[in-house]
Amino acid sequence: MTSSDAAPESSNTVQVDQLISAARTWARQDPDPVTAAALEELADQAAEGIPAARQQLEDSFNGTLQFGTAGLRAALGPGPNRMNRVVVRRAAAGFAAFLNDAVSAAAPGSRPRVVVGYDARHNSDVFAAESAAVFTAAGIETFLLPSALPTPLLAYAVRALDCDGGVMVTASHNPPQDNGYKVYLGGRAVEESGRGAQIVAPYDARIAGYIEAVGGLEDIALAGDGWSVLPASIVDDYRAAVTALADPGRFPARDLKIVLTPMHGVGGDTAVSVLKDAGFHDVTLVEEQALPDPDFPTVSFPNPEEPGALDLALAAAGRLDADIVLANDPDADRAAVAARDPESGAWRMLRGDEVGALLGAHVVARSLAGSEPVESPGVFANSIVSSRLLARIAAAAGAAHEETLTGFKWISRVPGLVYGYEEALGYCVAPELVRDKDGISASLLIAELAAAAKAAGQTVFDTLDELYLMHGLHASDQLSIRVADLGLLDAMMNRLRSDPPEGFGGSAVEQFTDLSEGSEHLPPTDGLLYLTRDQSRVIIRPSGTEPKLKCYLEVIVPVESAAELPEARAAARASLDRILADVREALGL
C-alpha cells in the first residue's frame with residue numbers, strides 16, 4: 001500500500017479522534033450530569049469503532065446551532081449543535097449583553113427588564129430557570145412565569161409588564177425530541193412597531209454576535225436567586241383580557257357544543273377557562289390529550305396540520321354530536337378548526353386560509369356592527385403565502401391590507417394592525433394584547449362566529465360560501481417535501497431558478513418573482529413566486545424552522561350564484577391537482 005492510499009484512512013482516524021476529544025471536553029464542562037454521562041458513553045462507543053456513535057458525534061459537534069429570527073430550535077442532546085444547558089447559558093448570556101447595551105443606549109442608567117416563560121417539553125423548565133439565573137447575574141430585572149404556560153401568555157407578559165425582552169422556551173409543534181429558545185423584544189430595546197414581537201433582522205444578527213462573543217462556560221455568572229417568580233395573577237390578567245374580546249352584545253349566541261384538544265400541550269386549562277368565562281359552557285376536553293405530556297404519546301407529530309393529529313378529537317366530536325372541534329398546538333399559539341361538512345356529512349378540518357378568511361370577515365363584522373360603526377376597520381395583513389381572499393375582504397370593507405414575509409415576526413409589525421394571519425394556523429385577533437399569533441384568543445372568536453352561524457341556521461361552511469359568492473372561490477393546497485440533507489433544498493431551488501417552469505395547470509406563467517431579490521414592499525427572502533394567466537399562484541420556499549421545501553398553491557374560480565358552487569369546487573380541485581403534478585415535475589420528483 002502506498003502512502004497516498006493510506007491517507008484517507010489516516011484522515012478519517014484523525015477526524016474521529018478530534019470528535020472524541022471534543023466530546024470528552026464538552027462532557028467535562030457539561031452542567032447536566034445526565035447528558036455528560038451519555039456523552040462519555042457515546043465517546044467510548046465511537047472509540048471502539050461503532051458507526052452509529054460516530055454519526056451521532058458528527059451530528060452534535062460538526063457545527064454550531066445558529067441563532068436566527070426563530071431564535072434557537074433543535075433536538076435535545078449534548079454538543080454545540082443541540083439544545084442543552086451549555087447552549088442555553090451562552091444564548092442567555094449573549095442576549096443579556098445585548099439588552100444591557102441596547103437599554104443603556106436608549107435610556108442611560110436604566111436597568112433592563114426581561115420575562116421568561118416555558119412550556120412542558122423536556123428540559124423547558126430547566127432552560128428557563130438557568131436563563132433567569134444568567135439574566136439576574138447580568139444585572140437585569142428578571143421575571144419568571146409561575147408554571148408551564150402558553151407562548152401567547154409570554155408574549156402578553158412582555159407588553160403587560162413593559163419588559164425590554166422576553167424568552168419563551170418551546171419548540172412549538174416540533175417532535176418531542178426537540179426544544180427551542182424564542183426571543184421577543186419590547187420596551188426600550190426595539191422600535192414601537194416591534195414592541196412585544198418576535199425578533200427580526202437586524203436584531204437576530206446583532207444578538208447572534210453577542211452570543212458568539214461569550215467566553216467559556218466558566219465565565220458565565222449564575223445568580224442563586226434574585227429573580228421574581230410572577231404570581232398566578234398574570235395568568236388571570238391574560239384570561240380576563242382575552243375573555244373581554246368576546247362581544248355578547250353584538251353576537252349573543254352561545255349555543256355551541258365544542259370539543260377541544262390542547263394536543264398534550266400547555267393550553268388546555270387556559271383555553272377552556274377563557275371559553276367558559278365568555279359564556280361557552282359546553283366545552284369537552286379530549287381526555288387522552290388533556291394534560292401536558294412532553295412525549296406526545298397519542299400523536300406521531302404534535303401539529304394539528306399533520307394527518308391523524310385530530311383523530312381523537314374528531315372521534316369525540318362524533319360521539320358527542322358536537323358542533324365544532326378546536327385544537328391548539330402544544331404551546332397554544334396556533335388554532336385548528338374542524339366541523340361537519342353539510343355537503344358530505346363528514347367531519348373536515350378547515351384549511352388555515354379558510355379560518356383566516358372567516359376570522360377576517362368576523363373582525364370586519366364586529367367593527368361595523370355597532371350603533372356607531374367605525375369609518376375603517378384598520379389594517380389587515382397576512383403572509384405572502386396565504387390566500388388573497390383576505391385582501392378582497394378588507395377592500396370591500398374599506399380597510400387597508402398588507403402582505404408580509406412568512407412569519408408572525410413580520411405580520412405583527414404592520415403599523416395599525418387590527419387582524420393578521422398566516423395559513424399555518426396562526427391568527428392574531430388582538431394585537432393590542434399579544435403582538436404574535438395566539439391560538440387561545442383566536443379560538444374564542446372562532447367559537448363566537450360559529451355560534452352566530454348556528455343561531456342563523458347555518459354552519460361555518462355556509463359563511464365561507466357567502467364570502468366566495470362575494471369575492472370568488474379561493475381554493476388552496478400545499479406540497480411539503482421533507483429532506484434529510486438540507487443541501488437538497490438548495491439543489492431544488494437552484495433547479496427552479498436555472499430551469500423556470502413556463503406554466504402550471506395549463507395556464508402560462510405571466511409573472512415570475514424571485515423573492516430573494518426583495519422589493520419595495522418586501523425584504524429579500526429565499527422563495528419563488530409564479531402568477532399564471534388565469535390568476536393561479538404558486539409559491540415555493542424552504543421552511544424557516546424545519547428541513548422542508550414548502551409549495552403553496554392557490555386558484556380562484558369566479559362564482560355568481562350558490563347553484564354554481566359545487567361545480568366551482570370541483571373545477572378548483574381539478575386545477576389544483578394539475579398544478580401539483582406540474583410542481584412535482586418541475587422539482588424533479
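What follows is a short chat about reading helix packing and nonpolar cores in this predicted model.

Reader: How are two packed helices described?

Author: You use the angle between their axes and the distance between the axes. Take helix 8 (residues 233–243) and helix 9 (residues 268–277): their axes come within 9 Å, crossing at roughly 45°.

Reader: Are helix 8 and helix 9 parallel, perpendicular or oblique to each other?

Author: Angles from 65 to 115 degrees count as roughly perpendicular and those under 35 as roughly parallel, and this pair is therefore oblique. As for handedness, helix 8 passes helix 9 in a right-handed crossing.

Reader: Which residues meet there?

Author: On the helix 8 side you'll find Val 235, Tyr 238, Arg 239, Val 242 and Thr 243, and these meet Thr 270, Ser 273, Val 274 and Asp 277 of helix 9. Sorted by class, that contact has four nonpolar, three polar and two charged residues.

Reader: On to the cores. Which residues have the most contacts inside the largest nonpolar core?

Author: Those are Val 115 and Leu 359, in a core of 112 residues. Ignore the neighbours within four places in sequence, and Val 115 still contacts a list of residues including Phe 143, Leu 145, Leu 161, Cys 163 and Leu 230. There's also a second, separate core, with 54 residues, Leu 39, Val 88, Ala 102 and Leu 217 among them.

Reader: And helix 3, which of its residues are buried?

Author: In helix 3 (residues 51–61), the buried ones are Ala 53, Leu 57, Glu 58, Ser 60 and Phe 61. Check the backbone just after that helix too: Gly 63 has a positive phi of about 120°.

Methods:
Residues numbered from 1 in each chain as written. Predicted model: local features only at pLDDT ≥ 70, side-chain atom pairs only at ≥ 80, totals over all residues. Heavy atoms only, no water. Axes fitted to C-alpha atoms, helices over the stretch in contact; angles between N-to-C directions. Helix = DSSP H or I, 4+ residues; strand = E, 2+ residues; numbered from the N terminus. Parallel < 35°, antiparallel > 145°, perpendicular 65-115°, else oblique. Left-handed = near helix turned anticlockwise from the far one by under 90°. Contact = heavy atoms within 4.5 Å. Nonpolar A, V, L, I, M, F, W, Y, C, P; charged D, E, K, R; others polar. Core = buried A, V, L, I, M, F, W, Y, C linked by side-chain atoms within 4.5 Å. Buried < 20%, exposed > 50% of the residue type's maximum accessible area, 1.4 Å probe, protein only.
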